[in-house]
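Please keep the sequence and the structure in view while reading.

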Amino acid sequence: VAIVGAGFSGTSTAFGMLCKGTGAKLTLTDVDTAKVEAEVLDLEDSGGSIDVATFEEAGQADVILITAGRGQKKGETRLDLLEDNAQVVKSAVIAMQPIKKTAKILVVSDPCDPLTYLAQQVSGLPVSQVFGIGTQLDSRRLRVDLASQLDIHHSSIIVFVLGEHGDSQFPVSSLANVGGVPLMEHAKMTDVNLDEVAKRTASKAYEIIAKKGFTAFGIATG
């Protein structure tokens, strides 16, 4: 597994994988050579095995996670990052060429939906091998918030957020359930406004960024 981008999301993802002991050979790549070397030295102290890889070496991995790009700043939307991060992702994908024909690419960088499309166009791989994180994190955020409202563990809730990983996302209540019981039929849902919960979870990243400057752990454990 090659992680391309040694920022907050990339290093947090690496740390999460090392802690899980997946057994996968893990590498970290970044244009900032000194930083990526330091991050790998630090990550090694977790007891796991991780190496620095060049972009060309990263392109030969079975799975490539692209986390490169600048982070969202206070007051910005994810789409405000598109111009800057499109250049970063495009450069990273080109630098990895020729990419292993059977490789799978997962785009984490924001805004992930248009950047995933860009990676599909530039990578030379079939589009079925280039994915984005989509609304996976958004769905988990909604589950966690609902679980708090219903006083149950979030693993008991099945609910999906669709649309973009951004401001236009929306929950699909008709497919949601709690332990097999339709969500809207749960006794405690009479006191919960799903639209308000969905709006709150959709803006959660803005709150985190306003208070600490970045998000990392949610996507890293996905």
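Phenylalanine 8 belongs to helix α1 (residues 8-20), while phenylalanine 214 lies in the loop between α8 (204-212) and α9 (217-220), so that the pair links distant parts of the chain, 206 residues apart. Helices (H or I, at least four residues) and strands (E, at least two) are DSSP runs, numbered from the N terminus.

This is a predicted model, in which local features need pLDDT of at least 70 and side-chain atom pairs count only at pLDDT 80 or more, whereas totals for chains, interfaces and linings use all residues. Residues are numbered from 1 along each chain as its sequence is written, and side-chain values use heavy atoms, with hydrogens and water left out.

Phenylalanine 214 has a relative accessible area of 22% and is therefore partly exposed; buried means under 20% relative accessible area, exposed over 50%, and partly exposed in between (1.4 Å probe, protein chains only). Lysine 212 lies over the face of phenylalanine 214, at 4.4 Å from the ring centre. A charge is said to sit over a ring if NZ of Lys or CZ of Arg is within 6 Å of the ring centre and within 35 degrees of the ring normal.

Charged side chains also meet one another. The whole structure holds 7 salt bridges, each being a side-chain nitrogen of Lys or Arg within 4 Å of a carboxyl oxygen of Asp or Glu. Among them is the bridge between arginine 70 and glutamate 76, whose closest N and O atoms are 2.8 Å apart. Arginine 70 is partly exposed at 26% relative accessibility, whereas glutamate 76, at 16%, is buried. Arginine 70 also forms a salt bridge with aspartate 84, at 2.7 Å from N to O. Because aspartate 84 lies in helix α4 (residues 82-95) and arginine 70 in the loop between β4 (63-66) and α4, this pair ties together parts that are 14 residues apart in sequence. Aspartate 84 is partly exposed, with a relative accessibility of 39%.

Another salt bridge joins aspartate 110 and arginine 78, at 3.8 Å from N to O. Aspartate 110 is in the loop between β5 (104-107) and α5 (112-123) and arginine 78 in the loop between β4 and α4, so the pair links distant parts of the chain, 32 residues apart. Both aspartate 110 and arginine 78 are buried. Through shared partners, salt bridges join Arg70, Glu76 and Asp84 into one network.

A nonpolar core is a set of buried Ala, Val, Leu, Ile, Met, Phe, Trp, Tyr and Cys residues joined through side-chain atoms within 4.5 Å. The largest such core has 20 residues, of which Val4, Ile64, Ile66, Val93, Met96, Ile99 and Ile105 touch the most other members. Two or more residues come from each of β1 (2-4), α3 (55-58), β4, α4, β5 and α5, and α4 gives the most, with 4 residues. Leucine 82 is also in helix α4 and is partly exposed at 31% relative accessibility. The C-alpha atoms of leucine 82 and isoleucine 94 are 18 Å apart.

The strands complete the picture. Two strands pair if DSSP finds at least two bridges between them. Strands β1 and β2 run parallel and are joined by 3 bridges, with valine 4 having threonine 29 in β2 as its bridge partner. In strand β2 (residues 26-29), Leu26 and Leu28 on one side and Thr27 and Thr29 on the other are all buried.

Elsewhere, 3 strands form an open antiparallel sheet in the order β7-β10-β11. Its edge strands, β7 (157-158) and β11 (181-182), each pair on one side only. Strand β10 (residues 177-178) is joined to β11 by 2 bridges, and asparagine 177 stands opposite proline 182 in β11.
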